[in-house]
Amino acid sequence: MKGLSLANIASACGGTYRGSEDARNREITGVAIDSRKIEKDFLFVPIKGARVDGHDFIEQVMEKEALCTLSEHPLTGAQYPYILVNSTEQALKDLAHFYRSQLDLKVIGITGSVGKTSTKELIASVLEQKYRVLKTEGNYNNEIGLPLTIFRLTEEDEIAVLEMGIDHFGEMHRLADIARPNVCVITNIGYAHLENLGSREGILQAKTEMFEHLQPEFAVVLNGDDDMLRTVADVHGQKPVFFGIDSTAPVFASHIENRGLKGTLCTIQLPACGDFSETTIQADIPIPGKHMVYNALAGAYIGHLFGLSPEEIETGIHSLQPVTGRNHLIETDTLMILDDCYNANPASMRASLDVLALATGRRVAVMGDMKELGENEEQLHFETGEYAARKGIDTIVCIGPLACQMYLGAKNLASGNTVLHYTGKKEFLHDLPSLFEAGDTVLVKASNSMKFSEIVEALTEFEANTKDEIEKGAKQ
């Protein structure tokens, strides 16, 4: 890893090197905080968690031929190099900041209340048509995950597409200081993390902390259909570039053709930027939902900004692959499952219900609690239930204590809808076989802490069991 000798690591972390002089100038080959992921010549960063202290595994990882470990306390009798630091968590961030400074590449930072991951995936899919791209994987978008993503970068990578998630003021400062983005993309300002950020105005303030760490040659790309983002008129003397379905935005979509669960066709108009002239893109977006049009707009403009041809941009959009737990369609022999269970807030829940409403046949929404919504959490759940009923969802299943308010909201407007409430997953899973029919399209969505992936798995197994029973009956 470029520049990551043990001497440089100690300096970057503000730590004290303890070990032989022979090892001081050796470079590590990787960084891990999980002892199970240690490889030869890695640096181990032991983090103190709520249940486990990584320091307890230092001897184990050094036996796996790690080159060095960090430590918050002296390691008496250590026969291997280590670096003594005040805080291993802070050292991880300091080291990522230093390593980023060693790499000559462009960084695209993505944040927003909803759609960060799908926008990141689409932008990366487009840019991969021309460049070597590294993107955030999984939920590695916080103050631990972002540094680990940075450490995956190599000198061969040309662009990093980094997702940045926050729930407190100041976090974006720290994340963006590590990433130092050349391009900032904000998808929207919704109602996520109101518990800590107080209001949409607070969310806007927290998200736009990223602007303070933009590199000298930069671009800011914002959703112009979002009322809060439209208030951003100037960033360091430069106007942001807005995208939207409204044709008053410089980057806009027209001739939108909804193809149900097969996705969306649209025409994207791109303005001149830098050395590249105005152009038009015919986008075939393979993942359903109006929100995916916004993602395609951001991806198309970023591709245009980085010099991709219209054909490369179109290929990148059409090549987009779904991510498990995020608008992921799972087609079984009897069910169509819309797996969107990774996380939820009111805006993303409405977007997913919009997608479900596009389905033919019976539509079932299995919805759970949405966390961190602050003092208005009950009202927001109630309104989500009302929204599901207004969309004409045939069966609305609400699971969890807060989801009781969804149930009441759905019952309030129900007209021919079946509306059910379960206090927990156990009771729902017991009734699952009697709730679904062949041909159903089922949305599964809740905050990540609800672990609704178990429901997705059960629905998939339910199809397999049903098929076995049918085949068994035919043989008899």
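Predicted model: local features only at pLDDT ≥ 70, side-chain atom pairs only at ≥ 80, totals over all residues.
Local features need pLDDT of at least 70 and side-chain atom pairs count only at pLDDT 80 or more, while totals for chains, interfaces and linings use all residues. Residues are numbered from 1 along each chain as its sequence is written, and side-chain values use heavy atoms, with hydrogens and water left out.

**Stop one: the aspartate**

Select Asp-157, in the loop between helix 6 (145-150) and strand 8 (159-163). Helices (H or I, at least four residues) and strands (E, at least two) are DSSP runs, numbered from the N terminus. Is Asp-157 buried or exposed? Its relative accessibility is 6%, so Asp-157 counts as buried (under 20% relative accessible area, 1.4 Å probe, protein chains only).

Now show Arg-132: its side chain makes a polar contact of 3.0 Å with that of Asp-157 (N or O atoms within 3.5 Å, one able to donate a hydrogen and the other to accept it; residues adjacent in sequence count only if both atoms are side-chain atoms).

Next, colour the open sheet of five strands, ordered 1-5-4-3-2 with mixed pairing (at least two DSSP bridges per pair). Strand 1 (16-18) and strand 2 (30-32) are its edges, each pairing on one side only.

Zoom in on strand 4 (residues 68-71) and strand 5 (residues 82-84), which run parallel and are joined by three bridges. Here Ser-71 stands opposite Leu-84 of strand 5.

Note on methods. Buried < 20%, exposed > 50% of the residue type's maximum accessible area, 1.4 Å probe, protein only.
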